[in-house]
Amino acid sequence: MSTKDEIVKSVPQKGFVGHPKGLFTLFFTEFWERFSYYGMRAILIFFMYYELNEGGLGLDRGTANSIMAIYGSLVYMSGIIGGWIADRLLGTRRTIFYGGVLIMIGHLLLALPGGVSMVFASMAFIVIGTGLLKPNVSSVVGDIYAETDSRRDAGFSIFYMGINMGAFIAPFIVGTIGQKYSFHLGFGLAGIGMLIGLIVYKATEKKYLGLAGLQVNNPLKPEERKKVFTQFGIIALLIIIFGAIGIKTGLLTMNVFSLIITALGIIIPTVFFVYMYRSEKTTKDEKSRLLAYIPLFISAVMFWAIQEQGATILATYADDRTRLNIGGFQLQSSWFQSLNPLFVITMAPLFAMLWLKWGDKQPTTPRKFSYSLFFAGLSFLVMMIPAHLSGGHTLVSPWWLVLSFFLVVVGELLLSPVGLSATTKLAPQAFAAQTMSLWFLTSAAAQAINAQLVKVYEVVSEFTYFGFLGLMSIAIGVILLLLSPIISKAMRGIN
């Protein structure tokens, strides 16, 4: 019996809405992890730029937006490390648990009174913890099903719903408490959310997950461990030394650090592409597919650059430029962060049915990507209208933000699940796992670029900012649409 068969047989195969009981464990672990992350993210931007007498840190808004973008980029970059640790050291199950513990510590640090240094310390814990937990939870979901199990795709859909449900309710609970009463109390609630997730995980994993995630897929050999740990230790020590010198001499400013992260966001995926393309393990057809993947990667970076500004530029827009008192009812600006998961939850089933109905007649992958860029561009172009009508000064209707979030989610559903699927199909056989990491680097690269873009928002008009990025997205979408026949041909039979 194969290891995969042993794992599947060890998992209780029914008990959670007709699925393996292990899905219950993973669903609620990820539900509470997303609750904690999105709850924290909904108020962190405000905490950073609100004045001291409002309970904030008093940073300027451009710096706060840049820190948020850097933070998001590092969260996605850390997934590469989390995957490596699970594959070579701990296995996915233990890696998930340690990741959750680090996330909880990060949120609880934010709950304590402290300045900017406390924020950076908490971010370090959450970045590393999320990198350990997030990619590996998805991996274990796959482990609890046999490859031929017809429930597999439905199981991932249920799991995806858990992610978005946690993200949906968090801004209403954490956001309300944080903005109306105390930011630190809000962060504390986010930490409690992760604690609940850890309790569910530890209380049910042995009974429901069986052997899933316990195996270390490619363990380090004894002779490799010393070499690898020495290399990691040297790298960590050099980073600490250069960081300390940079801070002490004043050379490592926030602006310089953001430029370093932006450079890494571009350099890391470039190195990935070059390494895989030049490898002797990559066949001729796989090289062609890898080249076809490059314009898709660039398009995804452009899309996420707009989508991820929902938590930075549009979050501050909701707080500063939006009319929040509607008929005597007071909205909280953090609540707008629930729009994205709300629209995903309601529209994802519709898109799934649409692709099923169209079958082979549905648009090709490059065309879906180009359409997603049109919708992303439109989501920013519509924001030019209130900017023009208000002159950039008077408060505007919240419905403009609702429309903007709706349009970008339409684009997200055309790109995100399609991109995941295309990545698995176009990946060279020898680099299947690494190529999946490459897909997540589209978000890392986008937010690394955003660390520079959000600074521009402070020095140009709203009309110019939204218009330029919106038109750029549509222009790249048009170019991709024109190139789609060539890209499809280079994909060598992959649709």
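A charge is taken to sit over a ring if NZ of Lys or CZ of Arg is within 6 Å of the ring centre and within 35 degrees of the ring normal. By that rule, the charged end of Lys202 sits over the ring of Phe97, 4.7 Å from its centre, and Lys287 lies over the face of Tyr277, also with 4.7 Å to the ring centre.

Before I go on, please keep in mind that this is a predicted model, in which local features need pLDDT of at least 70 and side-chain atom pairs count only at pLDDT 80 or more, while totals for chains, interfaces and linings use all residues. Residues are numbered from 1 along each chain as its sequence is written, and side-chain values use heavy atoms, with hydrogens and water left out.

Let me turn to the aromatic pairs, of which a search of the whole structure finds 30; rings of Phe, Tyr and Trp (its six-membered ring) pair if their centres lie within 6.5 Å, and planes under 30 degrees apart count as stacked, over 60 as edge-to-face and the rest as tilted. Tyr317 and Phe466 have ring centres 6.1 Å apart and planes at 75°, so they form an edge-to-face pair. Because Tyr317 lies in helix α11 (residues 313–320) and Phe466 in helix α17 (residues 462–490), this pair ties together parts that are 149 residues apart in sequence; helices here are DSSP runs (H or I, at least four residues), numbered from the N terminus.

Phe466 also pairs with Phe380, and since their centres are 5.1 Å apart and their planes at 85°, that pair is edge-to-face. Phe380 belongs to helix α13 (residues 365–381) and Phe466 to helix α17, so the parts tied together are 86 residues apart in sequence. Both Tyr317 and Phe466 are buried, where buried means under 20% relative accessible area with a 1.4 Å probe, protein chains only; Phe380, at 1%, counts as buried. Elsewhere, ring pairs link Phe24, Phe27, Phe28, Phe31, Trp32, Phe35 and Tyr208 into a cluster.

Finally, the cavities: the structure holds two of 30 Å³ or more, a cavity being a set of points, on a 1 Å grid over the protein atoms alone, where a 1.4 Å probe fits but cannot get out, with lining residues having an atom within 4 Å of a point. A volume is the space filled by probe spheres set on the points, which are joined across faces, edges and corners. The largest cavity holds about 70 Å³, and its lining includes Tyr37, Arg41, Glu308 and Asn450. Helix α3 gives the largest share of that lining, four residues.

Notes:
Helix = DSSP H or I, 4+ residues; strand = E, 2+ residues; numbered from the N terminus. Buried < 20%, exposed > 50% of the residue type's maximum accessible area, 1.4 Å probe, protein only. 1 Å grid on protein atoms, 1.4 Å probe; cavity = no way out; pocket = protein on both sides within 12 Å on 5 of 7 lines; lining within 4 Å.
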